[in-house]
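Open the model in your viewer and keep the selection panel at hand.

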Amino acid sequence: MIYNERQNNILKILKQQKNIKVSEIAAALYVSEATVRRDLADMQKLGVIKRNHGGAILVDVADEISLFVRMNVNARQKEAVAAKAIAHIPEFKSVFIDSSSTALALAQRLELAHKTVVTNNLQTAILLSRIENINLMILGGNISLASVSITGSWTANQLRTFSFDLMLSSCAAVKGTDAYEKSIDQRELKRIAFENSAVRILLIDSTKLDKRDGTYLYGSLDSFDKVIFDKLDETQRKRFNGPKFVV
């Protein structure tokens, strides 16, 4: 993962103190001030903090569920899903990556040089832009602070003009054998990408199973080409049994 435990600890400190000096962070974490400055520079690029004279402050966006925070929540499960998914990625030249942190965890493991990559997530675009020779495109539209993503009718209209070899996606919750989203805008975008992609892979960490968070039906798990889990208990294995499901 790009995010490390030290950066996560810096975020926790800033949530408590809001405004803190580099020297104070370095002392609290027992690292050099140079190391702290490098971490703060990376975190500022992600929009989580703002640098000020001699330190940093937590921005309002960080109080929302930003991708930076979500990458650290259930990180072990997301990394497990990404590691298992690698073996099931077909050859592709174009891919849509949704706004989920789980899809980003997988994307960072893929060879994306000389590939066309489209996303509606700001931080996903920033992170993948570091890859040399990537043909990276970000959709335009309304920016959602909660998911650090771009949504809306303009975004949807742009997405309809694409045809993808591959779609990497996750969901907010799984109820029964269906995937759900919290936002109707995110649901609409994912359905458009789903219809316009040759291969659709759904990535699910086990914390999403039987959650009540999702309101809007994304689709049946059977409709995806592959559904990758980090783990399932015996009851769940019986529910998700078949060649499409990977545990």
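A nonpolar core here is a set of buried Ala, Val, Leu, Ile, Met, Phe, Trp, Tyr and Cys residues joined through side-chain atoms within 4.5 Å. The model is predicted.

Start with Ile204, Leu221 and Phe229: these have the most contacts inside the largest nonpolar core, a set of 25 residues. Next, colour helix 8 (153-159), strand 9 (164-169), helix 9 (184-195), strand 12 (197-204) and strand 14 (226-229), each of which supplies at least two residues of this core. Helix 9 gives the most, with 4 residues.

Leaving aside residues up to four places away in sequence, Phe229 touches Val81, Lys84, Ile204, Leu209, Leu221, Phe240, Phe245, Val246 and Val247. A second, separate core has 24 residues, among them Ala85, Ala107, Ile134 and Val246.

Move to helix 2 (residues 22-29), where the buried residues are Val22, Ile25, Ala26 and Leu29. They lie on the same side of helix 2, because they cover an arc of only 100° around the axis. Show helix 1 (5-17), strand 1 (19-21), helix 3 (33-45), strand 2 (49-52) and strand 3 (55-58) to see what these buried residues pack against. Tyrosine 30, which follows helix 2, has a positive phi near 60°.

The crossing is right-handed. At the contact, Arg6, Asn9, Ile10 and Ile13 of helix 1 meet Ile25, Ala28 and Leu29 of helix 2.

Notes:
Residues numbered from 1 in each chain as written. Predicted model: local features only at pLDDT ≥ 70, side-chain atom pairs only at ≥ 80, totals over all residues. Heavy atoms only, no water. Buried < 20%, exposed > 50% of the residue type's maximum accessible area, 1.4 Å probe, protein only. Contact = heavy atoms within 4.5 Å. Arc of directions from axis to C-beta. Left-handed = near helix turned anticlockwise from the far one by under 90°.
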